[in-house]
Amino acid sequence: MARDLDVQQMLVDAGGPSWNVAPTNVVPVALERVEDDEIVRQLRAVRWGLVPSWAKDPAIGSRLINARAETITDKPSFRRAALARRAVVPMDGYYEWGAPQAGSKRKTPYYLRSPDKSPLAAAGLYELWPDPAKDKDDPERWKWTFTVITTTATDSTGHIHDRSPLLLPADPVDAWLNPTVTELDDVRDLLAAVPEPHLVPRQVGYDVGNVRNDGPHLVDPVA
């Protein structure tokens, strides 16, 4: 994962993969920071659910797990991050819930990934929230959080759900992460240039609906 994204600094503990990531979980996120006048690409452990720096209550993060690509440069919750704190969330695939199958009232879970099983890079935004309960020199004062950008679903995913993560091919990743791109029009151009993804959906079992379940069996196709 780090090699695929040309990461220079690993700031996350190496651990086993998770097969059932849920909002509020802490996951590896790629981003770029300016350090000693140089741009450094990092892989950090960041909590899913964006908390804007101005938020009074970090609980707002549970409502900001996704950001619509169409409005991130306008909405106060995302505007600042869209201009200066863009990220990439690496993943092998993701789950989505579609319409119930014939004879069932339960929505149908699917696992979506690239046709060649290559990793996916979802566009995201990150923020740093200062915890007022901690001293200014406390290294734990700043809380790192992120949100996943979504767009209108097309291709094979459109019949499953009307939204999907904004997935970046290899070429646009560098431009998306570049912290020197700070103009509204430039960010909008980056969003508009992302091509339509082509994913393969696979129906999986209902175990994925329980966040306590984990393991590679969750992506196995149903019989």
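Does Tyr 126, at 1% relative accessibility, count as buried or exposed? The legends below, which describe a predicted model, return to this residue in the third view.

**View 1. Overall fold of the chain.** The chain contains 3 helices and 11 strands, arranged along the sequence in the order β-β-β-β-α-β-β-β-β-β-β-α-α-β. Its radius of gyration is 18 Å, close to the 17 Å given by the globule rule for 223 residues, so the chain is as compact as a globular protein of that length. The C-alpha trace spans about 55 × 40 × 35 Å along its principal axes. Of the 223 residues, 44% are buried.

**View 2. Stacked pair of Trp 48 and Phe 146.** The whole structure holds 4 aromatic pairs. One of them joins Trp 48 and Phe 146, which are stacked with 6.2 Å from centre to centre and 15 degrees between the planes. This pair links distant parts of the chain, since Trp 48 lies in strand S3 (residues 38-48) and Phe 146 in strand S9 (residues 142-152), 98 residues apart. Both Trp 48 and Phe 146 are buried.

**View 3. Stacked pair of Tyr 126 and Trp 144.** The ring centres of Tyr 126 and Trp 144 are 5.7 Å apart and their planes meet at 15 degrees, so this pair is stacked. Tyr 126 counts as buried, because its relative accessibility is 1%. Trp 144 also counts as buried, at 17% relative accessibility.

**View 4. Surface and charged side chains.** The chain exposes about 12,400 Å², of which carbon and sulfur atoms supply 50%. There are 26 positive and 32 negative side chains, and the centres of the two sets lie 8 Å apart.

Key: Residues numbered from 1 in each chain as written. Predicted model: local features only at pLDDT ≥ 70, side-chain atom pairs only at ≥ 80, totals over all residues. Heavy atoms only, no water. Helix = DSSP H or I, 4+ residues; strand = E, 2+ residues; numbered from the N terminus. Rg over C-alpha atoms; globule rule 2.2 N^0.38 Å. Buried < 20%, exposed > 50% of the residue type's maximum accessible area, 1.4 Å probe, protein only. Areas by Shrake-Rupley, 256 points an atom, 1.4 Å probe, with all protein chains shown as cover. Lys, Arg positive; Asp, Glu negative; His and termini not counted. Charge placed at Lys NZ, Arg CZ, Asp CG, Glu CD. Phe/Tyr/Trp six-rings, centres within 6.5 Å; stacked < 30°, edge-to-face > 60°.
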